Amino acid sequence: MTDTTPSEHGRSGDQSSRPVKDRPWVMRTYAGHSTAEASNQLYRNNLAKGQTGLSVAFDLPTQTGYDPDSTLARGEVGKVGVPIMHMGEMRKLFDQIPLTEMNTSMTINATAMWLLAMYQVAAEEQNPGMDPTEVAAKLAGTTQNDIIKEYLSRGTYVFPPEHSLRLISDMIAYTVHQIPKWNPINICSYHLQEAGATPVQEIAYAMCTAISVLDQVKASGQVSEEDFGKVVGRISFFVNAGVRFVEEMCKMRAFVELWDEITRERYGVEDPKMRRFRYGVQVNSLGLTEAQPENNVQRIVLEMLAVTLSKSARARAVQLPAWNEALGLPRPWDQQWSLRLQQVLAFESDLLEYGDIFDGSPVIEAKVAELVAGAKDEIDRVQAMGGAIAAVDTGYMKSELVSSHARRRGAIEAGDEVIVGVNKFTTTEPSPLTADLDGAIMVADPRAEEAAKGSLEAWKSERDETAVSEALAGLAAAAKTDANLMEATLAAARAGATTGEWAGTLREVFGEFRAPTGVSGAVGAAEAGAELAAVRDRVKATGDELGVKLRMLVGKPGLDGHSNGAEQVAVRARDAGFEVIYQGIRLTPEQIVAAAVAEDVHVVGLSILSGSHMSLVPSVVAGLREAGLGDIPVIVGGIVPESDAKTLLESGVAAVYTPKDFSLTEIMADIVEVVRKANSLS
């Protein structure tokens with residue numbers, strides 16, 4: 001039958017009478033790995049599949065300002081993102097991608113100024129017939145550039161707070177005048193939630209960061225009062241959305257309300273468009289599970305709804321993780337699946353045809369009011385301390401996050417917070433998705449590090465060394481004044497300087513920084529249940545047999561700044577009765593071995609989430625043997641594929657724990673038995 005009756009029209013809906021849909025949000029996938037060429041191919045493939053913006057993941061050496069030939073870069077090149085160490089690699093990364101027509105988000109913080117400069121120069125080179133100022137005016141995108149959350153949670157900071165804020169302020173002033181469509185900073189609460197932040201803490205600490213940044217820009221005098229509204233208008237946010245999607249949606253509405261109030265009352269911004277809360281989102285990777293990973297798909301969908309259902313608080317850009325990120329690096333097909341989740345919601349559903357479906361709901365209004373009130377109280381507490389930077393220096397915010405995360409971990413282990421497939425409903429049929437675990441993830445090219453070193457060597461051999469030296473000298477001289485550093489950075493990029501040289505020059509002027517770990521001030525288990533009490537007794541008994549209190553060194557080798565796991569292990573080990581030595585992130589294997597020797601420890605625990613375990617862990621094990629401490633057991637925790645775990649165990653590692661091993665108390669029980677075995681105790 002080809003004719004359609006009126007009743008059938010009523011059932012199927014008349015296409016011509018449907019409301020006009022709102023424009024969808026920018027759809028991204030967070031990607032970058034191995035080499036610039038491989039990442040470029042991935043970007044072009046994703047754009048061809050309907051992705052509407054790029055979100056670039058850089059590797060840890062690039063994020064922390066090291067070239068691939070640095071000792072600290074060992075094992076980290078191309079692992080969690082793409083290595084970009086000079087202009088040649090930036091050109092390859094965006095080959096055949098017209099930057100003046102693209103919206104590009106770059107997850108980069110400490111070295112954000114350098115990467116933006118190279119991005120701008122790459123765009124100029126793509127458009128040789130266009131005036132550079134015209135090219136800059138066409139660029140659209142975002143640099144994350146939130147250094148305060150790096151001190152609190154992500155760990156890719158380089159410089160001390162005051163100098164980091166100066167770099168951010170310089171970038172904001174430059175972009176407002178020269179790249180007006182660019183978001184020079186993404187106030188990033190995403191990693192705060194991953195570090196344990198409650199919705200109230202996430203809102204409050206993000207707002208405190210924004211206040212610190214805006215106050216710095218105002219104090220710098222680089223932006224007039226007339227243009228300050230433009231600064232506020234280009235501030236964007238990057239948030240996290242967890243699986244409690246009603247609360248998370250209310251959190252976003254609370255963000256909108258509070259940002260409007262702060263920018264109006266504190267900064268006198270009258271234009272409501274400039275006060276608009278503009279945010280992008282990646283939904284929660286912390287909640288993705290290694291156990292029954294197929295459940296991650298419905299988690300991701302619920303989390304996406306939290307940031308899209310409420311029109312007045314809808315995200316401007318969304319990037320979704322893949323179902324298998326707790327296992328390892330997603331494959332292109334996995335990223336495509338996540339992109340299709342967005343496309344089905346935006347183009348098949350009727351979501352974008354309506355106004356805000358929650359306006360007027362007393363339940364929603366009450367929850368939003370509760371979150372706003374709680375956030376205001378916490379903001380006032382931080383401001384009374386002197387603001388976000390002071391709260392970083394004292395360790396207040398970090399300790400609060402570590403304590404909050406410890407409470408959440410405790411609730412999961414007690415079964416009070418249900419994680420399907422992890423602590424409840426754990427029986428499962430074999431999954432065809434993970435029948436071949438090694439095939440269920442993508443492995444970064446093991447030759448990436450050597451390729452990057454070769455590229456660096458070739459680049460240096462062909463450049464004008466005099467021009468580079470002069471440009472870096474100019475950068476150092478400018479850094480010692482209050483001049484805006486963006487022009488000197490652009491000059492260094494055009495001359496052919498490298499990422500390590502740019503950062504190294506500023507390290508010499510600004511110095512480096514080590515943020516508080518938050519562990520010493522964190523509150524762990526409020527009371528010991530029977531299981532923890534039993535472990536505590538075993539730890540004490542073992543110490544009595546050895547004649548000394550058991551000491552555990554928790555180490556973070558390499559450049560991986562994801563310290564949440566290490567911090568929680570340190571806190572639980574302390575609760576279990578161990579004396580804990582935890583010196584924070586970014587240590588070389590040699591430094592970890594030296595600490596083990598100096599502290600006379602009984603066990604070394606290594607936490608690595610960057611995929612560099614196969615090079616860094618053996619270095620620590622070998623170093624302990626060379627120091628005459630080969631009998632000290634080494635424990636490893638992180639995202640470690642099954643085949644890698646087997647290899648590590650065969651090479652002498654005592655135990656390997658991955659995200660499926662969620663009970664920290666059980667891990668502590670295992671560790672004390674490992675110590676007993678290593679010391680030949682019955």
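What volume does the second largest cavity have? The second largest cavity has a volume of about 50 Å³. This is a predicted model, in which local features need pLDDT of at least 70 and side-chain atom pairs count only at pLDDT 80 or more, while totals for chains, interfaces and linings use all residues. Residues are numbered from 1 along each chain as its sequence is written, and side-chain values use heavy atoms, with hydrogens and water left out.

**Cavities**

A cavity is a set of points, on a 1 Å grid over the protein atoms alone, where a 1.4 Å probe fits but cannot get out; lining residues have an atom within 4 Å of a point. Volume is the space filled by probe spheres set on the points, which are joined across faces, edges and corners. The search of the whole structure finds 5 cavities of 30 Å³ or more.

| Cavity | Volume | Lining by class |
|---|---|---|
| Largest | about 60 Å³ | 7 nonpolar, 3 polar, no charged residues |

The largest cavity is lined by N109, A110, A112, M113, N145, I147, S164, L167, I168 and M171. Helix α8 gives the largest share of that lining, 4 residues. Helices are DSSP runs of H or I with at least four residues, strands are runs of E with at least two, and both are numbered from the N terminus. Around the second largest cavity lie T29, Y30, Q282, L320, P321, A322, E325, Q335 and S338.

**Second largest pocket**

A pocket is an open set of points with protein on both sides within 12 Å along at least five of seven lines. The second largest pocket has a volume of about 1,100 Å³. Of its 43 lining residues, R23, V26, A315, R316 and A317 are the closest to the centre. The lining comprises 16 nonpolar, 15 polar and 12 charged residues. Elements that each supply at least two lining residues include β1 (26–28), α11 (228–234) and β10 (317–319).

**Helices α10 and α12**

The axes of α10 (residues 199–220) and α12 (residues 245–265) come within 10 Å and cross at roughly 30 degrees. Axes are lines fitted to C-alpha atoms over the stretch in contact, and angles run from 0 to 180 degrees between N-to-C directions. Contact means heavy atoms within 4.5 Å. α10 and α12 are therefore roughly parallel to each other, a term for angles under 35 degrees. Residues making the contact include I203, M207 and L214 of α10 and F255, L258 and W259 of α12. The contact residues divide into 12 nonpolar, no polar and 4 charged.

Conventions: Ala, Val, Leu, Ile, Met, Phe, Trp, Tyr, Cys and Pro count as nonpolar, Asp, Glu, Lys and Arg as charged, and the others, Gly among them, as polar. Angles under 35 degrees count as roughly parallel, over 145 as roughly antiparallel, 65 to 115 as roughly perpendicular and the rest as oblique.
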